[in-house]
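Open the model in your viewer and keep the selection tool at hand.

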Amino acid sequence: MPDTTTLPRPPFDPEFVPFLEAMDARGRFRLETEMLPRMRQLEMTEAQLDEGLHARGLERRSITVPGHLGAPIALAVVQRIGRTGTAACAYAIHGGGMMFGHHLGNLDSYDDWLLVHDVVLVSPDYRLAPEHPDPYPVEDCYAGLAWVAEHVDELGVDPARIVLVGQSAGAGLAAGTALLARDRQGPAVAGQVLVSPMLDDRDATLSARQFDGVGVADREMTRFGWDAYLGDRRGGDGVSIHAAPGRATDLAGLPPAYVDCGSAEVFRDEAVAYAGALWAAGVQAELHVWPGAFHGSASMLPQATLSRRAVAALRDWTGRLLGSAA
């Protein structure tokens, strides 16, 4: 792959290099505002989605609940067909730089949770920037979580086993939602899974500079997302820790965390720093930095050896957290 920076950086895992070279051969991807409507669409019809879920023994329903300032948002509820009794809840927040993605996208990535741990999965359709900038996305996620906590009997959810889960911007929103729950003495959260989290708008890390114009998600795309979310406040004063959890100076009182990133991705250093801040506050955290992994590599190349190791590590952690066999 061409060297686009003078900074040395960790190499990509050899299994990932052909994929990244093929992407580079098509030309660098540049995110523009007019692309967002297409990038917010589900890649299949909901009927096709439900057919795929049913084939795996799962079912879905949609519930409309009050979001930020009382405006309606949808929650997708997915569980095993015929499930009875009380189960843990995976409150799964989709990624997409705060700007795109779909709350019904990538549900197959939660099969371990749904089929191994037999959870109730809830995915909030939070409103997206730039039309709905901070605080709408994180406040919508918190409102959905509060609704779940208030309706555990209806959902068949164990209130002591609600776990926040997210990847990329979804992980940043999960961390922000956990902070809101702590600061408002809101719903109890049993754990938080933060995969390649987008946490800090200040753009000050070495990994942000190392992966500028390199890899799948880079510094330019990260700035685009934060600009959409925060506008001209990005990097300045007045940004809350709920919008940018990497700014938090005291993480005491948060639930245990699983923090996962690649050594060859833009969010590496803020993820590592967040795990360190959790430890400094006396919070249990498990940190994995996968050597040579790029942003989203486990989702894009799930059969790669490193991706399978990452999935297995998360399966082990969730099994221990939820008290079920991995």
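How many cavities of 30 Å³ or more are there by this rule? The count is one cavity. A cavity here is a set of points on a 1 Å grid over the protein atoms alone, where a 1.4 Å probe fits but cannot get out. Points are joined across faces, edges and corners, and volume is the space filled by probe spheres set on them.

This is a predicted model: local features need pLDDT of at least 70, side-chain atom pairs count only at pLDDT 80 or more, and totals for chains, interfaces and linings use all residues. Residues are numbered from 1 along each chain as its sequence is written, and side-chain values use heavy atoms, without hydrogens and water.

**Stop 1: the cavity.** Select Asp200, Asp203, Ala204, Thr205, Ala208, Thr222, Val266, Phe267 and Glu270, which line the largest cavity (lining residues have an atom within 4 Å of a point). The largest cavity holds about 50 Å³ of space.

**Stop 2: the core.** Next, select Trp113, Val148, Val193, Tyr229, Tyr274 and Leu278. Of the 106 residues in the largest nonpolar core, these touch the most other members. Such a core joins buried Ala, Val, Leu, Ile, Met, Phe, Trp, Tyr and Cys residues through side-chain atoms within 4.5 Å; buried means under 20% relative accessible area (1.4 Å probe, protein chains only).

Zoom in on valine 148. Beyond its neighbours within four places in sequence, valine 148 contacts (heavy atoms within 4.5 Å) Leu75, Cys89, Tyr91, Val122, Leu155 and Ile162.

Stop 3: Finish at histidine 68, which is buried at 15% relative accessible area.

Note on methods
Buried means under 20% relative accessible area, exposed over 50%, partly exposed in between (1.4 Å probe, protein chains only). On a 1 Å grid over the protein atoms alone, a cavity is a set of points where a 1.4 Å probe fits but cannot get out, and a pocket is an open set with protein on both sides within 12 Å along at least five of seven lines; lining residues have an atom within 4 Å of a point.
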